[in-house]
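Here's a protein chain to get to know. Take a look at the sequence and the 3D view, and then read on for a short tour.

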Amino acid sequence: MRVNGQQVQIPEQAHGQRLLDFLRDTLGLIGAKEGCGMGECGSCTVVIDGRAMTSCLVLVGQVADAEVRTVEGLAAAGHTALQDAFVARQAVQCGYCIPGVLNSCAALLDRVAEPDDEQICRALDGNLCRCTGYNRFYDATHDAAAARATERGGRAAERNTAAHHKAADNAAAEGES
Ligand code: FES
Ligand code: FES
């Protein structure tokens, strides 16, 4: 299994363990939280091979060859804008649901660059939050999508400028020879 980009060895006895427990107790990744333990609250949501899934219902042996991402791996996966947007929108109150919510929103943004409300609604279908109010999750996800689009635009502009300079240098060099 790879977790947040790192290869992780799975001891034989851990194959029957819940992924949630393995992440928290063995790997020390305590971002994923246990709420219901029955697949209904979404506080344990992580991203497995690109899909947001409840880690309380997954056994380690079922994902031995998978790529797992927890909330601790979000920044390295390019989701700083999402984390920043949740802070800026004050989309966090007690915070218990937030790792799962962030993982669901990040998995959506990985698939859909600029999701609409309907898509965000579907992505958050399995995440229960009892204190913040979902509007702030929607706003933060839209903000993150916009920030990422701006970033992509900036990088494209830099590439164009670099290509333009290179072409100009080549033309000048040819002119001199
Ligand atoms: S703890 Fe996994 S869905 Fe509630
Ligand atoms: S922020 Fe408290 S449950 Fe969501």
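What follows walks from the whole chain down to a few of its parts.

First off, keep in mind that this is a predicted model. The protein chain holds five helices and five strands, and from the N terminus on they come in the order β-β-α-β-β-β-α-α-α-α. The radius of gyration is 20 Å, well over the 16 Å that the globule rule gives for 177 residues, so the chain is more spread out than a compact globule. Along its principal axes, the C-alpha trace spans about 70 × 40 × 25 Å. Of the 177 residues, 38% are buried. Among contacts with a separation of 6 or more, 61% link residues 24 or more positions apart.

| Element | Residues | Buried residues |
|---|---|---|
| α2 | 80-88 | Ala81, Leu82, Ala85 and Phe86 |
| α3 | 98-111 | Ile98, Pro99, Gly100, Val101, Leu102, Asn103, Ser104, Cys105, Ala106, Ala107, Leu108 and Leu109 |
| β5 | 67-69 | including Arg69 |

Let's start with α2. Its buried residues are Ala81, Leu82, Ala85 and Phe86. They cover an arc of only 140° around the axis, which puts them on the same side of α2. Val87 and Ala88, on the other side of α2, are exposed. Just after this helix, Gln90 takes a positive phi of about 50°.

Helix α3 is mostly covered, with 12 of its 14 residues buried. How far apart are the end C-alpha atoms of α3? They are 20 Å apart, which agrees with the 20 Å that 14 residues should span at 1.5 Å a residue.

Now for the hairpin. Strands β3 (residues 45-48) and β4 (residues 51-54) pair in the antiparallel sense over four bridges. One of the residues involved is Val47, whose bridge partner in β4 is Ala52. Two residues sit between the strands, and Asp49 in that turn has a positive phi of about 45°.

Finally, look at Arg69 in strand β5. Is Arg69 buried or exposed? Arg69 counts as buried because its relative accessible area is 14%, and the cut-off for buried is under 20%. Its side chain makes a polar contact of 3.0 Å with the side chain of Asp110. Leaving aside residues up to four places away in sequence, Arg69 touches several others, among them Val46 and Val47, as well as Asn103, Ala106, Ala107 and Asp110.

Notes:
Residues are numbered from 1 along each chain as its sequence is written. Chains are lettered from A and ligands numbered from 1 in the order in which they are written. This is a predicted model: local features need pLDDT of at least 70, side-chain atom pairs count only at pLDDT 80 or more; totals for chains, interfaces and linings use all residues. Side-chain values use heavy atoms; hydrogens and water are left out. Buried means under 20% relative accessible area, exposed over 50%, partly exposed in between (1.4 Å probe, protein chains only). A polar contact is a pair of N or O atoms within 3.5 Å; within protein, one must be able to donate a hydrogen and the other to accept it, and residues adjacent in sequence count only if both atoms are side-chain atoms. Contact means heavy atoms within 4.5 Å. Two strands pair if DSSP finds at least two bridges between them. The expected span of a helix is 1.5 Å times one less than its number of residues. The arc is that of the directions from the helix axis to the C-beta atoms. The radius of gyration is taken over C-alpha atoms; the globule rule is 2.2 Å times the number of residues to the power 0.38.
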